[in-house]
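Please look over the structure shown here. A short report on its packing and its open spaces comes with it.

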Amino acid sequence: LLKLMDGHHNFANYREVLQTAKLPCLPYFGIFLRDLTFVDDSLDNTLENGFANFHKMKRMSSIVQSIIHYQSFPFTFTVQTQLYNYLKNVAPLKEDTLYDKSTKCEPPSELWNL
């Protein structure tokens, strides 16, 4: 998993595996968000002449089309009624409880304790 999600070369290992993955699959959405953010931040919406930057829009469209592609293949799960009912009725934890559990797993950085 560490090799697959290695961030070097813009997650090249992960992207290669994803291209050949049998559908349906559930890709890591963070990579799509990262790509969209990169394109949005690195390219202007308009060109120097005031025209729309269609290159930027085409790149963003391509990323969104990839997301839509993976969403278009439904999963066929058999519903486990007992598990479904349990998960549907489980009470959410309060925010302070979640924070306490989180800090036990990963204590906050000293930078945050200024």
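The report below covers helix contacts, then pockets, then backbone details.

This is a predicted model, in which local features need pLDDT of at least 70, side-chain atom pairs count only at pLDDT 80 or more, and totals for chains, interfaces and linings use all residues. Residues are numbered from 1 along each chain as its sequence is written, and side-chain values use heavy atoms, leaving out hydrogens and water.

**Helix contacts**

Two packed helices are described by the angle between their axes and the distance between the axes. Here, axes are lines fitted to C-alpha atoms, for helices over the stretch in contact, with angles from 0 to 180 degrees between N-to-C directions. Helices are DSSP runs (H or I, at least four residues), numbered from the N terminus.

Take helix 1 (residues 8–20) and helix 2 (residues 29–42): their axes come within 12 Å and cross at roughly 125°. That angle makes helix 1 oblique to helix 2. The label follows from cut-offs: under 35 degrees is roughly parallel, over 145 roughly antiparallel, 65 to 115 roughly perpendicular, and the rest oblique. Contact means heavy atoms within 4.5 Å. Helix 1 brings Asn10, Phe11, Tyr14, Arg15 and Leu18 to this contact, and helix 2 brings Ile31, Phe32, Arg34 and Asp35. By class, there are five nonpolar, one polar and three charged residues. Ala, Val, Leu, Ile, Met, Phe, Trp, Tyr, Cys and Pro count as nonpolar, Asp, Glu, Lys and Arg as charged, and the others, Gly among them, as polar.

Helix 2 also packs with helix 3 (residues 54–71), where the axes come within 9 Å and cross at roughly 170°. So helix 2 is roughly antiparallel to helix 3. Residues of helix 2 in this contact include Phe32, Leu36 and Val39, and those of helix 3 include Met60, Ile63 and Ile67. The contact holds ten nonpolar, one polar and four charged residues.

**Pockets**

A pocket is an open set of points on a 1 Å grid over the protein atoms alone, where a 1.4 Å probe fits, with protein on both sides within 12 Å along at least five of seven lines; lining residues have an atom within 4 Å of a point. Grid points are joined across faces, edges and corners, and a volume is the space filled by probe spheres set on them.

| Pocket | Volume | Lining by class |
|---|---|---|
| Largest pocket | about 180 Å³ | six nonpolar, three polar, two charged |
| Second largest pocket | about 150 Å³ | three nonpolar, three polar, three charged |

Which helices supply the lining of the largest pocket? Helix 1, helix 2 and helix 3 each give at least two residues. Among them are Tyr14, Phe32 and Tyr70. For the second largest pocket, helix 2 and helix 3 each supply at least two. Its lining includes Asn10, Arg34 and Arg59.

**Backbone details**

Most residues other than glycine have a negative phi, and most peptide bonds are trans. His9 is not a glycine, yet has a positive phi of about 55°. His9 lies in helix 1. The peptide bond from Leu23 to Pro24 is cis, with omega near 5°. Pro24 sits in the loop between helix 1 and helix 2.
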